[in-house]
Amino acid sequence: QVRLVESGGGLVQAGGSLRLSCEGSGITFSGYAVGWFRQVPEKEREFVATSSSRGTFRHYADSVKGRFTISRDNAKNTVYLQMNSLNPEDTAIYYCAAYYCSVNECYSAGASSYRYWGQGTRVTVSS
């Protein structure tokens, strides 16, 4: 059974930092693209960042570029999202997601590409 479990969310003041983790089980992360998405009530899930299966390629939403960094440790089956310079607009539930790459390293900003999803971790940024 595949499971993705996010952790690291919480309450932080504007300008602060958090590091989210996504640990996978039941799959071998080295074969999977992993992405982070976020969602606020009554809005669609929004792409944040993605990493190709071996971490060679990384892609970010414009809204987080330069502030967030996605990284991965495939030996630990874990992907991280380092979030710096947080602002209240970053408040959301953050989800990690994964899909299998059948070709050499792939990545996607589209939520529909991802097969497996975690339950989410809440991030709240106070002003």
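Trainee: Where is Thr78 placed?

Mentor: Thr78 is in strand β8. Keep in mind that this is a predicted model.

Trainee: Why is Thr78 called buried?

Mentor: The relative accessible area of Thr78 is 7%. Buried means under 20%. So Thr78 counts as buried.

Trainee: Which residues is Thr78 in contact with, leaving aside neighbours within four places in sequence?

Mentor: Ser21, Cys22, Glu23, Phe29, Arg72 and Asp73.

Trainee: Now Leu20. Is Leu20 buried or exposed?

Mentor: Leu20 is found in strand β3. Its relative accessibility is 0%. The cut-off for buried is under 20%, so Leu20 is buried.

Trainee: What does Leu20 touch beyond its neighbours within four places in sequence?

Mentor: Its contacts include Trp36, Leu81, Met83 and Tyr94.

Trainee: Which residues have the most contacts inside the largest nonpolar core?

Mentor: Leu4, Trp36, Val48, Phe68, Leu81, Met83 and Tyr94. That core has 36 residues. Strands β3, β4, β5, β7, β8, β9 and β11 each supply at least two of its residues. Strand β9 gives the most, with 6 residues.

Trainee: How many aromatic pairs are there?

Mentor: The count is 8. One of them joins Tyr32 and Tyr116.

Trainee: What makes the pair of Tyr32 and Tyr116 tilted?

Mentor: The ring centres are 6.3 Å apart, and the planes are at 55 degrees. Pairing needs centres within 6.5 Å; planes under 30 degrees apart are stacked, over 60 edge-to-face, and the rest tilted. So 55 degrees is tilted. Tyr32 lies in strand β4 and Tyr116 in strand β10, 84 residues apart.

Trainee: Why is the pair of Tyr99 and Tyr114 called edge-to-face?

Mentor: The planes of Tyr99 and Tyr114 are at 90 degrees, and their centres are 4.9 Å apart. Tyr99 is in strand β9, and Tyr114 is in the loop between β9 and β10.

Trainee: How do you know that Tyr99 and Tyr114 are buried?

Mentor: Tyr99 has a relative accessible area of 12%. For Tyr114 the value is 5%. Buried means under 20%, so Tyr99 is buried, and so is Tyr114.

Trainee: Which residues do ring pairs link into a cluster?

Mentor: Phe37, Phe47, Tyr99, Tyr114 and Trp117. Arg45 lies over the face of Trp117, at 4.8 Å from the ring centre.

How values were computed
Residues are numbered from 1 along each chain as its sequence is written. This is a predicted model: local features need pLDDT of at least 70, side-chain atom pairs count only at pLDDT 80 or more; totals for chains, interfaces and linings use all residues. Side-chain values use heavy atoms; hydrogens and water are left out. A nonpolar core is a set of buried Ala, Val, Leu, Ile, Met, Phe, Trp, Tyr and Cys residues joined through side-chain atoms within 4.5 Å. Buried means under 20% relative accessible area, exposed over 50%, partly exposed in between (1.4 Å probe, protein chains only). Helices (H or I, at least four residues) and strands (E, at least two) are DSSP runs, numbered from the N terminus. Contact means heavy atoms within 4.5 Å. Rings of Phe, Tyr and Trp (its six-membered ring) pair if their centres lie within 6.5 Å; planes under 30 degrees apart count as stacked, over 60 as edge-to-face and the rest as tilted. A charge sits over a ring if NZ of Lys or CZ of Arg is within 6 Å of the ring centre and within 35 degrees of the ring normal.
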